[in-house]
Amino acid sequence: MSARNIIGSLEKLIKLHKSFNQLAIKKTAILKANDTEAITALLISEQKHIKAISQTDKERERAVGEFIAANGTVGQPASIHTVTELTGPEETEVLEMLKAELIGEVAKLKERNGLNQQLIYQSLQFINVSLDILRPRNQNLNYGDSVRKTAKIGMGMFDSKA
C-alpha cells in the first residue's frame, strides 16, 4: 500500500489552511473597519472551514492507520514520522515537504489569530471606556459618612409629618 491517501489528505489540509489564512487576513481588515455584518458572515465561513479541516484531519488519521496496519507495524504511533520510516525515498521526501508546508501554514494562522485577538480585545476596551464615560458613577469624593448625606438629599424641602 502506498502513502497516496496520506499525501492527498495532507495536500487537502494545506489547501484548507491556506484558505483559512485568507479568511484571517480578511477578518483583520473587517475588524479594523468595524463592520459587524461582514464579521458575522465571516464567522459562518470560518465555521465551515473548521468543519472541513476536522473532517480532512480524520481522513488523514484513518489513512495513516490503514497504511501502518497494511505494512504490519500495528502498535506504532500514527504519525508522519512513522509513515516516512515505511515509505520509499520519493514518498518520504514528498511527505516531509508537505509536513513542513502544513506546519508553516498553521504557524501563519496562529500568528494572524493572535493579531485578531488583540484587535478584538482593544475594541472591547474602547467600548468599556466609552460606556464608563456615558454612564458616570456616583462617587462620593469627600471623606465622611456617605449614608447620612444621601438620606438628607432624599428628604426634600417640605416635611409632611410636621
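Which element gives the largest share of the lining of the largest pocket? Helix 4 does, with 5 residues. The model is predicted: local features need pLDDT of at least 70, side-chain atom pairs count only at pLDDT 80 or more, and totals for chains, interfaces and linings use all residues. Residues are numbered from 1 along each chain as its sequence is written, and side-chain values use heavy atoms, with hydrogens and water left out.

**Largest pocket**
- The largest pocket holds about 260 Å³ of space; a pocket is an open set of points on a 1 Å grid where a 1.4 Å probe fits, with protein on both sides within 12 Å along at least five of seven lines.
- Lining residues, which have an atom within 4 Å of a point, include Ile30, Asn34, Asp35, Ile39 and Ser123.
- Helix 1 (4-33), helix 2 (36-70) and helix 4 each give two or more residues to this lining; helices are DSSP runs (H or I, at least four residues).
- By class, the lining has 7 nonpolar, 3 polar and 1 charged residues.

**Nonpolar patch and Phe126**
- Ile120, Leu124, Phe126, Ile127 and Leu131 form a nonpolar surface patch with about 460 Å² of accessible area together; patch residues have over 30% relative accessible area and no salt bridge, and nonpolar side chains are joined within 5 Å.
- Phe126, in helix 4, is exposed at a relative accessible area of 58% (exposed is over 50%, buried under 20%, partly exposed in between, with a 1.4 Å probe).

**Gly88**
- Gly88 sits in the loop between helix 3 (80-86) and helix 4 (89-134).
- Gly88 is partly exposed, at 31%.
- Its C-alpha atom is 9.6 Å from that of Ala3, 85 residues apart along the chain.

Definitions and conventions
Patch = residues over 30% accessible without salt bridge, like charges linked within 9 Å, V, L, I, M, F, W, Y side chains within 5 Å. Areas by Shrake-Rupley, 256 points an atom, 1.4 Å probe, with all protein chains shown as cover. Salt bridge = Lys/Arg side-chain N within 4 Å of Asp/Glu carboxyl O. Points joined across faces, edges and corners; volume = space filled by probe spheres on them. Nonpolar A, V, L, I, M, F, W, Y, C, P; charged D, E, K, R; others polar.
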